[in-house]
Amino acid sequence: MALLQIKALKKSFGDHQILKGIDLDVQQGEVVVVLGPSGCGKSTLLRCLNGLEPIDSGEIKLESLGVLGKDTSWEKARQHVGMVFQSYELFAHMSVIDNILLAPLKVQKRVKADVEKLADDLLKRIGLFERKNAYPRELSGGQKQRIAIVRALVMQPQLILLDEITAALDPEMVREVLEVVMELAKQGMTMMIVTHEMAFARQVADRIIFMDQGHIIEQASPEQFFEQPKTERAKNFLNILSY
């Protein structure tokens, strides 16, 4: 069974239907990159998968937890489905380590020494261990985004959702964040990624999902999608980006 199963997922805001019946399976260890024009429903899809947006119909099923929001509460589901946002969402009044430890200690009720050891190991892996007692205002945008990734990882999720995590960064900071994601992919982390970084998408993805107007209209390997897209809409999308 797939780690994540999405069936007939629909979501509207008022009279405007954003997601028009999404069907998608994601396998354990797979990296799925979601591409498409602005407003096609990419970010809304990720927010629905994390319970941040209530769905109108359909279901989201995670292996071992059943249907999210039905068999398992969203509060519990979010402990298994991590999310990293475009904005870092770090608490300004808390140090790096306190930001990282907050959810595992308060929500998962884990032992502080165990969680802090894991946090320290993760901070060392991303080259920020020496900043563990710093405050967000003392960090660059790239550093804050890497901390946000560690904060998601320390919850030990089955799946991580990454929503335009480099969009708010200066160009020189983008690479340091993408390198962390590439390393996670190599280690087998299951991820769904929304990005406008096409070179990164091609490098990190196992599968490309192309969305337009609330539908998935194409699925392919990165090589096939970027070199021989099947739909005219995907061809036009890629042609615009090439200029």
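Mentor: Let us begin with a term: two groups are in contact when heavy atoms lie within 4.5 Å. Please note also that this is a predicted model.

Trainee: What covers the buried residues of α3?

Mentor: The cover includes α4 and α5 (141-153). The buried residues of α3 are V96, I97, N99, I100, L101 and P104. As a general idea, an α-helix has 3.6 residues a turn, so residues three or four places apart point the same way.

Trainee: At what angle do helix α3 and helix α4 pack?

Mentor: Helix α3 (residues 96-106) and helix α4 (residues 112-125) meet at about 130 degrees, and their axes are 10 Å apart. The two helices are therefore oblique to each other, and their crossing is right-handed. On the side of α3, the contact is made by V96, I97, I100, L101, P104 and L105; α4 contributes K112, V115, E116, A119, D120 and L123. By class, this contact has nine nonpolar, three charged and no polar residues.

Trainee: Which residues of the largest nonpolar core touch the most other members?

Mentor: In soluble globular proteins, nonpolar side chains tend to be buried together. Here the largest nonpolar core has 53 residues, and V33, L35, I149, M191, I193 and F225 touch the most other members. Helix α6 (residues 171-186) gives the most to this core, with eight residues. Apart from this core lies another, of 29 residues, including L19, I22, C40 and M192.

Trainee: Which residues does V33 touch?

Mentor: Leaving aside residues up to four places away in sequence, V33 touches I193, T195, A201, V204, A205, R207, I208 and I209.

Terms used: Residues are numbered from 1 along each chain as its sequence is written. This is a predicted model: local features need pLDDT of at least 70, side-chain atom pairs count only at pLDDT 80 or more; totals for chains, interfaces and linings use all residues. Side-chain values use heavy atoms; hydrogens and water are left out. A nonpolar core is a set of buried Ala, Val, Leu, Ile, Met, Phe, Trp, Tyr and Cys residues joined through side-chain atoms within 4.5 Å. Buried means under 20% relative accessible area, exposed over 50%, partly exposed in between (1.4 Å probe, protein chains only). Helices (H or I, at least four residues) and strands (E, at least two) are DSSP runs, numbered from the N terminus. Axes are lines fitted to C-alpha atoms, for helices over the stretch in contact, and angles run from 0 to 180 degrees between N-to-C directions. Angles under 35 degrees count as roughly parallel, over 145 as roughly antiparallel, 65 to 115 as roughly perpendicular and the rest as oblique. A crossing is left-handed if the near helix is turned anticlockwise from the far one by less than a right angle, and right-handed if clockwise. Ala, Val, Leu, Ile, Met, Phe, Trp, Tyr, Cys and Pro count as nonpolar, Asp, Glu, Lys and Arg as charged, and the others, Gly among them, as polar.
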